[in-house]
Amino acid sequence: MIEMNNFIQDLIKENNLEVNKKIHTRFPPEPNGYLHIGHAKAICINFEIAKKFGGVCNLRMDDTNPTKENFEYVENIKKDVKWLGYDWEDRFYYASDYFEKMFEIACDLIKKNLAYVCGLSSEEMKKNRGNLTDPAVSPFRDRSINENLDLFNRMKNGEFSDGSMTLRAKINLNSGNFNLRDPVLYRIDRSYHYRTGNKWCIYPMYDYAHPIEDILENITHSLCSLEFENHRPLYDWVVNNINLESKPKQIEFARLNLEYTVMSKRKLKLLVDNNLVSGWDDPRMPTISGLRNRGYTPEAIRNFCEKIGVSKSVSTVEYSFLEHCLREDLNLKAQRVMAVLNPVKLVITNYPEDKVEKLEIKNNPNNILDGKRKISFSKELYIEKDDFSESPSKKFYRLFENNLVRLKSAYVIKCVGFKKDNNNDLREIYAEYLPETKSGSESSNIKVKSTIHWVDSKTAITREIRLYNNLFLSAVPENFLGNINKNSLEILKNCKLEKCLANAKYGKSYQFMRTGYFCLDSKNNYVFNKAVSLKQKF
């Protein structure tokens with residue numbers, strides 16, 4: 001269990017003075033896109049706070065905007081929350097389930113003379129909003145209760161055009177908090193709703209609907225991001241002016257800002273719609289499904305959310321810290337395998353032509369319970385081109401003519417030559433092996449300055465490897481569509497991998513020795529995505 005020790009806990013302890021009061025939270029995303037890492041923070045906070053106090057947390061689709069919502073987003077949200085390790089059991093709800101009740105409550109507000117139908121268009125409303133010295137103005141504020149009830153029912157029945165009328169709360173046109181200057185509660189919109197179809201042509205605004213949803217679900221604490229702090233008086237106004245007993249409290253926390261990303265479903269959708277990424281689950285995206293496809297684990301994301309903490313202070317977290325949390329998790333989990341991303345053939349000239357040897361290698365040196373496996377070794381291998389130099393510098397300790405290196409878990413070899421093609425590209429490297437230096441043997445302790453990885457050419461499989469960099473050039477991408485890093489994806493087509501990776505499963509991570517952590521792509525079994533390098537780059 002994550003230890004969410006923070007100011008929210010303290011406030012709950014102070015406010016929850018009733019005996020045996022059960023804490024009840026909710027995670028209420030709008031199904032208008034895929035969830036991102038910022039939502040992961042909110043998920044962890046809501047579910048873990050409830051767990052901390054022995055309470056429960058609901059999952060709710062806040063679907064009051066028919067123009068942007070659909071079932072694809074609903075199903076993906078459910079999938080992401082479960083993947084992160086949280087379960088809402090039978091507490092799954094839709095805001096659209098409450099449309100009838102919300103309408104009844106709106107009629108009650110009209111009867112209390114706390115709401116009225118306004119004929120100002122959105123543009124006219126902006127012009128009449130006033131400023132810090134002048135109050136807002138609405139010429140329709142003094143309509144009678146009966147007239148307002150009649151007009152509101154006619155709005156519901158579709159007698160007026162979209163945008164021609166709204167239902168507004170009657171609060172305070174002179175309030176210093178502009179959210180209280182008679183905010184809109186309902187608007188006319190004939191858009192098709194993915195659940196209710198064409199049943200409704202009026203839809204509640206978020207600031208009106210959300211507190212009612214919380215009340216109907218007996219939510220005790222509505223935990224939300226800091227941008228809703230100025231909306232809290234309106235939340236409380238709704239809570240205090242409707243005839244329902246539950247009185248939830250809204251508490252705000254700073255949302256997650258992460259370098260080299262954008263935290264907006266609207267902006268992320270633009271990336272998808274403009275084909276700047278391959279989809280919502282593109283490994284460069286900060287979506288939960290994108291991070292999953294890149295090789296992130298739920299444990300790494302939950303630990304990240306725990307370590308960045310919960311506060312009221314707005315800050316931006318370095319992307320490298322998210323990567324650190326992944327390395328920390330995968331270090332004990334990921335099987336070590338050998339993969340050559342930029343291969344060149346290594347021919348061991350003195351190794352028998354027909355011999356294939358089985359060598360033993362540890363699956364994970366940091367976890368003895370992962371055991372060992374057998375790998376094949378023969379006359380022809382693949383190694384990285386970068387592990388050879390024709391003209392080595394003083395600090396280059398890998399392969400060059402007459403130098404000794406160790407092949408991982410195999411033998412020490414001595415480079416004796418190389419061959420290039422007509423384009424001056426390196427084609428083959430030649431070496432002799434020292435039979436007495438087999439790893440684990442008494443004579444294996446011969447001193448060399450470098451160990452390199454390899455794969456056997458007889459059993460190697462060929463796969464595509466995708467290397468990812470930041471999607472944006474700037475840490476804080478203001479003009480995000482104009483800040484795309486065109487080198488954020490590098491595709492390597494002819495990589496040679498250890499045979500065991502032919503049976504790789506999606507969702508399992510592997511450490512490619514000396515390179516980084518990788519996982520199988522969600523859509524293509526012949527593609528591996530790089531999650532993170534082995535060491536942080538400075």
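The lining of the largest pocket has 14 nonpolar, eleven polar and 13 charged residues. Here nonpolar means Ala, Val, Leu, Ile, Met, Phe, Trp, Tyr, Cys and Pro; charged means Asp, Glu, Lys and Arg; the others, Gly among them, are polar.

Two notes on the source. The model is predicted, so local features need pLDDT of at least 70 and side-chain atom pairs count only at pLDDT 80 or more, while totals for chains, interfaces and linings use all residues. Residues are numbered from 1 along each chain as its sequence is written, and side-chain values use heavy atoms, with hydrogens and water left out.

Back to the pocket. Its volume is about 1100 Å³. In total, 38 residues line the largest pocket. Nearest its centre lie E30, H39, E227, F228 and K265. A pocket is found on a 1 Å grid over the protein atoms alone: an open set of points with protein on both sides within 12 Å along at least five of seven lines. A cavity is a set of points where a 1.4 Å probe fits but cannot get out. Lining residues have an atom within 4 Å of a point. Grid points are joined across faces, edges and corners, and a volume is the space filled by probe spheres set on the points.

Helices (H or I, at least four residues) and strands (E, at least two) are DSSP runs, numbered from the N terminus.

Now the cavity. The structure holds one cavity of 30 Å³ or more. The largest share, four residues, is from α7. By class, six are nonpolar, four polar and two charged.

Next, helix pairs. Two packed helices are described by the angle between their axes and the distance between the axes. Axes are lines fitted to C-alpha atoms, for helices over the stretch in contact, and angles run from 0 to 180 degrees between N-to-C directions.

Take α7 and α8. They pack at about 55 degrees, with axes 9 Å apart. So α7 is oblique to α8. Angles under 35 degrees count as roughly parallel, over 145 as roughly antiparallel, 65 to 115 as roughly perpendicular, and the rest as oblique. From α7, D207, Y208, H210, P211, I212, D214 and I215 meet L234, Y235, V238 and V239 of α8. Contact means heavy atoms within 4.5 Å. That contact has eight nonpolar, one polar and two charged residues.

The second pair is α4 (residues 99-111) and α6 (residues 145-156). Their angle is about 160 degrees, and their axes are 9 Å apart. So α4 is roughly antiparallel to α6. On the α4 side, the contact uses F103, A106, C107, I110 and K111. On the α6 side, I145, N148, L149, F152, N153 and K156 take part. Seven of these residues are nonpolar, two polar and two charged.

Where is F178? In the loop between β5 (166-169) and β6 (184-188). F178 touches R129, G130, N131 and L132, not counting residues up to four places away in sequence. F178 and N230 are 52 residues apart in sequence, yet 8.9 Å apart in space, C-alpha to C-alpha.
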